[in-house]
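User: Could you walk me through how the two chains in this model meet? I'm new to this, so please spell out the terms.

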Protein chains: 2
Amino acid sequence: MTQKAFQDYYPDEFSHCYGCGRLNEKGLQIKSYWEGEEAVARFLPGDHHTATPGFVYGGMIASLIDCHSTGTASAAAYRKEGRTMDTDPLRFVTAALKVDYLAPTPLGVELELRSKVMEIKEKKVVIETRVLADNKTCATGNVVAVRMPETMMTKTTQR
Amino acid sequence: MTQKAFQDYYPDEFSHCYGCGRLNEKGLQIKSYWEGEEAVARFLPGDHHTATPGFVYGGMIASLIDCHSTGTASAAAYRKEGRTMDTDPLRFVTAALKVDYLAPTPLGVELELRSKVMEIKEKKVVIETRVLADNKTCATGNVVAVRMPETMMTKTTQR
């Protein structure tokens, strides 16, 4: 049986995100999974996701960290509440995103994001991420994720 | 005569960036201009650049801030050296990117990025940016841009 990604559990109305929505055909469709205490996502950027030739552009790296982190925040919140991700939605959005670009990230290799939950409260989760290419850390991310505000829920079909 | 954008001066080998390269047909092709002491870019996200329906996804906002800031760093460095952007390349890359998402950013309106140069040294420029939608600040950005390292230059055709 194939393990479902965090994002595969999102209700349809939360599945249109360009970064991680499984229903956004033009999007990146990032998928995140637990591997022990770390949440892991793997992604192969396209040739057009370039900075200078041969390297991945920084906005892509920020996008991967962003969506992988909010997904991880959600998964961690479910886990803390002791319930599975197919129960009532528990969605997080990014309040603050910090990316440190440590080395140019090579294009043409699958990137690996490995995240840890550094802090978890009811309405706030802090996630730290390493972005690796060929097992080398090229960037690190810190995301403060907060429970999705009502103002963003109003335009979606709540269930 | 139409004003050229910062990015229009980049040599061809630096014009493939997904965010701001004028030669990347699949990219965002961000354009930045001086308006007095502020550098300004305007961008209309596509319908597919969504977070939840009706709002712009965070990775897009980070991408816009990223490329607009490195372009602004470059333009500011030329200005400081008292030369025009059609002279020898003076390229910057992002060392650190911080985005604070203050309010959900509505989709369907042109976003405006307004940036100020907070610090400028030979190899480091710090840029602060406001991202506005309908004249309301939805996000702020802080970018530490550094002169492009040799390791990124080697894969490009230097002139």
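**Where chain A meets chain B**

User: How many bridges pair β3(A) with β3 of chain B, and in which sense?

Analyst: First, strands (E, at least two residues) and helices (H or I, at least four) are DSSP runs, numbered from the N terminus. Two strands pair if DSSP finds at least two bridges between them. Here β3(A) teams up with β3(B), residues 92-101, and Leu97(A) has Val99(B) as its bridge partner. The count and sense are five bridges, antiparallel.

Analyst: Some housekeeping: this is a predicted model, where local features need pLDDT of at least 70 and side-chain atom pairs count only at pLDDT 80 or more, while totals for chains, interfaces and linings use all residues. Residues are numbered from 1 along each chain as its sequence is written, with chains lettered from A and ligands numbered from 1 in the order in which they are written.

User: Which element gives the largest share of the side of chain A that touches chain B?

Analyst: Residues are in contact if their C-beta atoms, placed from the backbone, lie within 7 Å. By that rule, 38 residues of chain A touch 37 of chain B. α1 (58-81), β3 (92-101) and α2 (150-153) of chain A each supply at least two residues of that side. The largest share, eight residues, comes from β3(A).

User: How is α1(A) oriented relative to α1(B)?

Analyst: Their axes, lines fitted to C-alpha atoms over the stretch in contact, are 8 Å apart at about 150°. Angles run from 0 to 180 degrees between N-to-C directions. Over 145 counts as roughly antiparallel, under 35 as roughly parallel, 65 to 115 as roughly perpendicular and the rest as oblique. So α1(A) and α1(B) are roughly antiparallel.

Notes
Contact = placed C-beta atoms within 7 Å.
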